[in-house]
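Keep the viewer open while you read.

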Amino acid sequence: MSWLVRHAVTTDEIALDFDHAFRMAEALVAEGQLARGVMADLQEIDVVLSGMSDGGNADRWTRDALSTNERWALARQLARQVLVAELGEWQQPLPEISVVR
């Protein structure tokens, strides 16, 4: 949460950034930069986030929802599985970013 505040990132930007990266996943697999085995988890994250985007789900896009909503919990669990498969662990420092608006 503090990372989001420090970088002025809104909750929906997490999903948008995932969507941008997910679009490149197949190409990264083809180039050997990403293991094919993580694609199922990445696809499930995409399904989870897409399902939250349906109308009437504004409460799922609050900062509080990141830590209380079961769909966000599932997305985090799947993301951890991807990180463990790719890096051997999931506890990595959050990146420093520059947000262009």
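Leu94 sits in the segment after α6. Its relative accessible area is 55%, which makes Leu94 exposed (buried means under 20% relative accessible area, exposed over 50%, partly exposed in between, with a 1.4 Å probe and protein chains only). From the C-alpha atom of Leu94 to that of Arg63, 31 residues away along the chain, the separation is 17 Å.

A word on ground rules. This is a predicted model, so local features need pLDDT of at least 70 and side-chain atom pairs count only at pLDDT 80 or more, while totals for chains, interfaces and linings use all residues. Residues are numbered from 1 along each chain as its sequence is written, and side-chain values use heavy atoms, with hydrogens and water left out.

Now for the overall layout. The chain has six helices and zero strands, where helices (H or I, at least four residues) and strands (E, at least two) are DSSP runs numbered from the N terminus. Along the sequence this reads α-α-α-α-α-α. The chain's radius of gyration is 14 Å, close to the 13 Å that the globule rule gives for 101 residues, so it is as compact as a globular protein of that length. That radius is taken over C-alpha atoms, and the rule is 2.2 Å times the number of residues to the power 0.38. Along the principal axes, the C-alpha atoms fill a box of roughly 35 × 30 × 25 Å.

How much of the chain is buried? Of its 101 residues, 28% count that way. The accessible surface comes to about 6700 Å², and 55% of this belongs to carbon and sulfur atoms; such areas come from the Shrake-Rupley method with a 1.4 Å probe, and for residues only the protein chains shown count as cover. Take the contacts (heavy atoms within 4.5 Å) between residues at least 6 apart in sequence: 59% of them join residues at least 24 apart.

On to charge. There are 9 positive and 16 negative side chains, and the centres of the two sets lie 4 Å apart. Lys and Arg count as positive and Asp and Glu as negative, with His and the chain ends not counted; each charge is placed at NZ of Lys, CZ of Arg, CG of Asp or CD of Glu.

Next, the rings. The structure holds two aromatic pairs. Rings of Phe, Tyr and Trp (its six-membered ring) pair if their centres lie within 6.5 Å, and planes under 30 degrees apart count as stacked, over 60 as edge-to-face and the rest as tilted. For Phe18 and Phe22, the ring centres are 5.5 Å apart and the planes are at 15°, so this pair is stacked. Both residues are in helix α2 (residues 11–22), four residues apart, and so are separated by about one helical turn. Phe18 and Phe22 are both buried. The rings of Trp61 and Trp72 also have centres 5.5 Å apart, but with planes at 85°, so that pair is edge-to-face. Trp61 is in the loop between α4 (39–52) and α5 (63–68), whereas Trp72 is in helix α6 (residues 70–87), so the pair ties together parts that are eleven residues apart in sequence. Trp72 is buried, at 5% relative accessibility.

Beyond its neighbours within four places in sequence, Thr11 is in contact with Trp61, Thr62, Arg63, Leu66 and Trp72. Thr62, in the loop between α4 and α5, is 50 residues from Asp12 in sequence, yet their C-alpha atoms are 8.5 Å apart.

Asn57 is in the loop between α4 and α5. With neighbours within four places set aside, Asn57 is in contact with Gly51 and Met52.

Val29 belongs to helix α3 (residues 25–30). Its contacts, again leaving out neighbours within four places, are Leu34, Ala35, Arg36 and Met39. Val29 and Gln43 are 14 residues apart in sequence and 13 Å apart, C-alpha to C-alpha.

Ala8 is in the loop between α1 (2–6) and α2. Its phi is near 55°, a positive value in a residue other than glycine.

Here is the exposure of these residues side by side.

| Residue | Relative accessible area | Class |
|---|---|---|
| Thr11 | 3% | buried |
| Val29 | 12% | buried |
| Asn57 | 14% | buried |
| Thr62 | 37% | partly exposed |
| Ala8 | 43% | partly exposed |
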